[in-house]
Structure formats: C-alpha cells, structure tokens
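Subject: Structure handover

Hello,

Here is the structure I said I would pass on. Please open it next to this note, which goes through what was found.

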Amino acid sequence: MKTIRWGMIGCGDVAEIKSGPGFYKADHSRLVAVMRRDGALAADYARRHGVARWHDDADAIIHATDIDAVYIATLTDSHHDYTLRCAAAGKPVYVEKPMAMNHAQCVAMVAACRSADVPLWVGYYRRALPRFLAVRDLIANGAIGPVRMVIAHQFQRLPASEQLEGKLPWRIDPALSGGGFFFEMVCHAFDFFDFLFGPIESVRAFAANQARAYRPEDVVAASYRFASGVYGSGAWCFAADFEEEYNEIIGANGRIRFSTYAAVPIRLIRGSSVEEIPIGDPPHVHQPLIQTIVDELNGEGRCPSPRDSGARPAWVMGEILKEFRAASAGTGS
C-alpha cells in the first residue's frame, strides 16, 4: 500500500493530541508538513512532533508536490476558503468540524470538491470510535428492539467570569465559530444520530440567550424527525449550575444511555436489568477515522464520514437556530 503524505493547515489545540499524532501513527500515513500563521508556533509543533518542515503560508501546503492530502485544523471561519483552495489544487481534504460556518458554505464545499473530483471528509471521528460503534452494534443486533426515540441532554455552567472579559473564547465568538457552544459542540451528537438513523428531515425548535453573558444561544430545546421514522428531542443549557450530559436511545424492549464526550460506560437498560459496558477512547481520537481515509485513498474500503453526511449536521443546526438568529439580527444583539 502507498504511504499517504499529509499536510496540516492549522496546528493548535485540537492537533496537539486529538488529531495530529494520528497522521503519523496511522498505518501507511505520514505527516510531511504543518502550517500556522504564526511561524514560530508552527516550528515548535513540527519540532515536538518530529515533522520534517513547517510553513506560515497555507499555499506552501496546498500546492506542495510531495503532499497527497490536506487536513484543515483551523477555526471554523476559514474551513470554506481553505477547502475551496485545496479542491482547486486537486488535493483531497479532511476538514475539522463544524464543517463550515453555515449549511450554504458546506454545500459550496461539497460542490467544489465534486466538481474537482477530489474527496472531502469531515472530522466527525465518532463514526469510527469503538465506543460509538458498540452503540451502533447494540442497536443493529436488536438489543433494545425497534428504536422509537433518541433523547439528548446537555447542561453545563457558564465559563468563569474572567474568561468572558476582553477577548471571548473562540467557541462563543460567532465570527470565528459560527455560533456558540451549542453550534460548535452539539453537531457531534447530531452527526452520530445521523450515522445511526439517517438524515433528519424535520425540525421544531426554540433557542435563546437567557444569561446574557455572551451573544450566541445558551439554551436550546428541539424536537426532530428522522426520515427513517425515528423521533428525537433534546435540551441543552450552557448557563446551568451543574454539569451533565448524556444521550438515550429508547427502543421497544429497552434503552441505551451513553455520552457524546466522556468515555463513561455505555448503559444497556432492559426492565430492571442494567448492564454497563466500559469502552475507552484511544489516545488520539481522530486516528481510527484517519485510518479509514488512508485506506480509502489506497482503494481499501470507505471512510464513514464523507462530504454529504458531513454537511447534514450544519443543516440541522441551522434549522434549530433559525428563529433565534433572525430575532437577534432584528434587534442588533
């Protein structure tokens, strides 16, 4: 098999442990070069990770003849631009999530890569993690019978007051992230639900900013229907006084509870019986998905997070936040 040579645009926090090492630890994969606008930080990353070279100009990655594919690990605001530039250069792209600032940008990215005949994958790495595949297999093997509903809950405290003074964390700066904590984080859950049950076809939702600690949404309630017939609902509050997060898949004969973010045991509940299934996450959570991309580029299998499915969570998030965003634009808040 051919060794796939990667270039990485952006080498901040997400690339430190979660993703970056996966590109040089996956089989038949090598990280050739990294780029960051701050050249000193790019050089430091390259030195610590044993990468041969670094750049402070993305074009040096995009147009390099010794790079086969590009990983875009920047903030959400630049995903669209970099993806289109890679497509124009004929480079396959693996882009971080959220895929883009909005669904329209996702559609443009998909179209550009399709027109250039280059593959595009999205960093919804849970589609390849053992813990989530175990949930999929429990459902497929009939552990809870036909699925009726999926319910998502996420509650967390506001950031400390000192974090909200001056420059906001990027996740709650809509100019950088596309929204708030809900937009940046919960897309992972919606993507995994899509993986399990297929596309969501209808959404009803409310969203607001209740705490007024920052501009984007901090409370969301939504109901949705999958084209497959499964129904779903969720409640998310990022201004609560406690931390709790879980998903529950309810079937005719039982239910499965699991976390989107924490590697806590999966709970299989059937009547009064509760079975805990402990499955940890690997040290570099992107690596299993990276391996599927490398394998696909070598003609061996398919990555489970292709461009079309990767764009669908952006549509769902946009539908959920549509009324809130329209109202916020109208008031100038």
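Two strands pair if DSSP finds at least two bridges between them. Helices (H or I, at least four residues) and strands (E, at least two) are DSSP runs, numbered from the N terminus. The model is predicted, so local features need pLDDT of at least 70 and side-chain atom pairs pLDDT 80 or more, while totals for chains, interfaces and linings use all residues. Residues are numbered from 1 along each chain as its sequence is written, and side-chain values use heavy atoms, without hydrogens and water.

**The parallel sheet**

Six strands make an open sheet with parallel pairing, in the order β3-β2-β1-β4-β5-β6. β3 (53-55) and β6 (120-122) are the edges; each has a single partner strand, so one side of each has no neighbour in the sheet. Neighbouring strands are turned by 25° against each other on average, direction ignored. Between β2 (residues 29-35) and β3 there are three bridges, and Ala-33 is opposite Arg-53 in β3.

Axes are lines fitted to C-alpha atoms, for helices over the stretch in contact, and angles run from 0 to 180 degrees between N-to-C directions. Contact means heavy atoms within 4.5 Å. Helix α5 (residues 79-88) lies across β1 (4-9), β2, β4 (69-72), β5 (93-95) and β6, at about 175° to β4. α5 also packs with α6 (residues 103-116), at about 10° and with the axes 9 Å apart. That makes the two helices roughly parallel (angles under 35 degrees count as such). Residues making this contact include Leu-84 of α5 and Met-109 of α6.

**The mixed sheet**

A second open sheet has eight strands in the order β8-β9-β10-β7-β11-β12-β13-β14, with mixed pairing. The edge strands here are β8 (200-208) and β14 (273-277). The twist averages 15° from one strand to the next. β13 (residues 266-270) and β14 are antiparallel and share five bridges; Arg-267 has Glu-276 in β14 as its bridge partner.

**Cysteines**

How many disulfides does a search of the whole structure find? It finds zero, a disulfide being a pair of cysteine sulfur atoms within 2.5 Å. The sulfur of Cys-106 is 9.8 Å from the closest cysteine sulfur, in Cys-187, which is too far for a bond. For Cys-113, the nearest cysteine sulfur is that of Cys-86, 8.1 Å away. Cys-106 is buried, at 0% relative accessible area, and Cys-113 is buried at 0% as well (buried means under 20% relative accessible area, with a 1.4 Å probe and protein chains only).

Regards

Methods. Parallel < 35°, antiparallel > 145°, perpendicular 65-115°, else oblique. Buried < 20%, exposed > 50% of the residue type's maximum accessible area, 1.4 Å probe, protein only.
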